[in-house]
Amino acid sequence: MSLRYRIAVLIVALEAVLIAALLGVILNQSLRDVRDHAADTERVWLQAVGDVSVAALATGDAAGLQAFIESTLRHPRITAVVIADSENRVVAATSRELVGKAAPAFEDGDDRYWRSIEIRDHDDRLGGVAIQFSDEALMLAYRQTRNLGLMIGLAGLLFTAVLGFGVGYVLTRRLKILADAADGINAGDMTVPFVISGTDEVSRLARAFDGMLRRLHESMAALTRARDMLVEPTEAMSQGFVLWDVNDRLVLCNTRFRMMFKEIDDHIAVGAGFDDLIARLHRSIVGVEGDAMTVRDWLARRRAGPAAAQFVVDVCFRSNRWIKVSESRTREGGRVAICTDITDDKIRQRALYASERRLREIMASVFDGIITIDGDGLIDSVNHAAQRMFRRSALDMLGRPIEQFLVAHSRAGNVPAKGLTSADLASSPMQALREIGGVRKGGEAFPIEISVARIELQGRSTLICTVRDITDRKAAEREILFHATHDALTGLPNRTLFDDRLTNALSHAKRSGETLALVFLDVDRFKVINDMLGHPIGDAVIIAVARRLLGQLRKSDTVARLGGDEFILLLRDVGNSRNAVTIGQGIVEAMRHPFQILGHDLHVTVSLGISAFPADGETPDQLRKHADVALYRAKSGGRNQLRLFTPEMAPSPGGR
């Protein structure tokens with residue numbers, strides 16, 4: 001309802017209330033006055049009829065009394081009169097049928113009622129008078145008065161309504177002009193003028209609106225120019241661009257965004273809600289990848305995120321299309337999102353992932369360790385075999401320099417300080433086997449065999465190292481070498497190893513001028529021990545003699561078993577021959593202490609023959625020969641003694 005109608009209705013309603021109240025007061029007062037007057041009239045008539053009846057009853061003038069009663073009917077309010085004597089018999093009545101009969105019962109009707117009095121002459125009761133009055137005339141007069149009042153009231157209301165509409169029109173005519181102009185602006189017409197002449201408040205309001213409209217028009221023009229400056233660069237973008245306000249309503253998007261989400265293009269409009277668009281797009285979304293693992297989680301975190309929250313998620317659609325959504329908050333609390341089609345990247349990434357997974361499976365099934373090294377010398381990948389080999393997890397190895405795990409040489413319990421870098425590996429012959437050292441967790445060194453190949457992986461130079469743990473092989477080689485160079489019973493060097501050490505020692509002595517001594521040693525009467533006590537006791541004696549010999553020699557010296565009960569000793573840097581003799585005497589004395597062999601106390605003696613370099617020879621054969629001659633002389637001289645070779649000792653062609 002317009003304002004003018006509201007004003008008119010308000011005025012009419014107020015006037016109607018006032019008129020109704022006034023009419024009600026006037027009519028009620030008039031009705032009370034009429035009824036009071038009627039009551040007075042009733043009392044007067046009753047008294048008059050009673051007075052007339054006294055004379056008539058006293059004289060017995062029934063005819064005169066009947067004529068008087070009939071004359072009372074001319075009064076508009078009297079409808080019936082009954083006069084009875086002292087015996088309650090009707091002597092006169094408006095209805096002649098009642099005369100001479102007993103007075104009837106007087107009952108009131110709707111608009112008619114009886115009033116009665118007793119007729120007395122002094123103290124004597126002569127009879128009674130009953131008059132029936134009617135209010136029909138009064139009510140008729142009241143209704144006529146009421147209807148006249150209502151007509152006057154309706155005429156007043158009509159006049160008031162016309163006056164109200166007129167006043168409303170005058171008051172709201174210029175306000176309607178303002179309202180029509182505001183409706184035009186609301187419909188998008190910014191050219192509607194607010195032209196109202198005058199100096200009153202409405203005119204001032206119109207001029208103020210007109211000024212505000214001009215400034216708004218200028219601001220909108222400036223905003224349009226700014227928007228165009230923002231839109232033009234976004235249209236040149238290869239990614240989708242979208243701007244949401246603080247209430248998650250769409251403010252701006254480029255054409256690329258519409259193309260990416262063409263399923264809901266009809267609903268993409270300025271003011272559209274994010275939740276509404278997502279709800280329409282939800283069936284097309286398979287899932288997301290990122291911090292949130294489901295669409296529901298992503299949306300929940302997006303709504304609950306802090307002011308500076310940034311979300312980057314990869315959205316997968318049922319059409320196998322992938323869109324990366326990178327969204328961040330604006331200063332005003334809205335959001336800016338950049339949408340990038342990454343379908344091709346995802347296809348390549350998944351193909352690469354599948355290839356890498358196959359490669360990992362292949363690497364995991366290979367017995368040898370495989371380590372890849374990037375261009376910075378850092379470990380890029382390791383297979384399970386390499387992790388077991390180095391006793392480290394992939395987490396402990398990935399991203400660390402390769403020199404922490406590979407060294408040039410391996411020594412038991414001693415890791416060299418300098419490791420092998422990726423440059424060292426790259427400079428070695430490609431795919432050639434090379435023995436180096438590995439370093440396990442805790443610094444334990446172990447021997448490995450490695451081959452290196454170089455490949456280009458994703459445009460980067462990568463080294464692939466195939467590593468094999470050769471600890472067991474090296475141990476087997478050492479075991480074979482040990483058995484080839486050591487005595488099986490005593491563990492002492494055998495003749496082969498001793499000859500090698502003797503040759504090396506002579507070469508060094510010739511350069512340095514030091515004196516060496518070669519000692520041949522035999523256990524005296526060993527054959528008797530073997531024959532009498534058995535070979536186990538004999539073997540135990542040989543082992544005990546070997547240990548006691550080792551206890552008498554220096555670390556630089558060598559003792560070897562030639563076989564049976566024969567030993568040969570190499571004493572280095574003894575200074576002169578006499579010092580060699582002193583060492584030999586110490587050995588003889590050490591052997592005189594009894595041996596505890598399997599519950600037997602055995603006294604064992606030995607015989608020694610000594611030759612010295614360079615006095616007794618310069619070659620291994622000469623020294624061995626002369627030491628053997630000296631031993632023969634010692635055994636011939638009674639055993640349990642030693643002899644130093646002298647030139648006078650001629651070799652015995654027949655042996656010992």
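In this tour, Ala, Val, Leu, Ile, Met, Phe, Trp, Tyr, Cys and Pro count as nonpolar, Asp, Glu, Lys and Arg as charged, and the others, Gly among them, as polar. The model is predicted.

**First stop: a pocket**

Select Phe367, Asp368, Ala385, Arg388, Met389, Arg440, Arg468, Asp469 and Asp472, which together line the second largest pocket. The volume of this pocket is about 180 Å³. By class, the lining holds 6 charged residues and 3 nonpolar ones, with no polar residue.

Next, colour helix H9 (384-390) and strand E16 (460-469), the elements that each give two or more residues to the lining of the second largest pocket. Helix H9 gives the most, with 3 residues.

**Second stop: a pair of helices**

Two packed helices are described by the angle between their axes and the distance between the axes. Select helix H15 (residues 535-552) together with helix H16 (residues 577-591); their axes come within 10 Å and cross at roughly 140 degrees. Angles over 145 degrees would count as roughly antiparallel and 65 to 115 as roughly perpendicular; H15 and H16 are therefore oblique to each other. The crossing of H15 and H16 is right-handed.

To view the contact itself, show the side chains of Val545, Arg548, Leu549 and Gln552 in H15, which meet Gly586, Ile587, Ala590 and Met591 in H16. By class, this contact of H15 with H16 comprises 5 nonpolar, 2 polar and 1 charged residues.

Note on methods
Residues are numbered from 1 along each chain as its sequence is written. This is a predicted model: local features need pLDDT of at least 70, side-chain atom pairs count only at pLDDT 80 or more; totals for chains, interfaces and linings use all residues. Side-chain values use heavy atoms; hydrogens and water are left out. Axes are lines fitted to C-alpha atoms, for helices over the stretch in contact, and angles run from 0 to 180 degrees between N-to-C directions. Helices (H or I, at least four residues) and strands (E, at least two) are DSSP runs, numbered from the N terminus. Angles under 35 degrees count as roughly parallel, over 145 as roughly antiparallel, 65 to 115 as roughly perpendicular and the rest as oblique. A crossing is left-handed if the near helix is turned anticlockwise from the far one by less than a right angle, and right-handed if clockwise. Contact means heavy atoms within 4.5 Å. On a 1 Å grid over the protein atoms alone, a cavity is a set of points where a 1.4 Å probe fits but cannot get out, and a pocket is an open set with protein on both sides within 12 Å along at least five of seven lines; lining residues have an atom within 4 Å of a point. Grid points are joined across faces, edges and corners, and a volume is the space filled by probe spheres set on the points.
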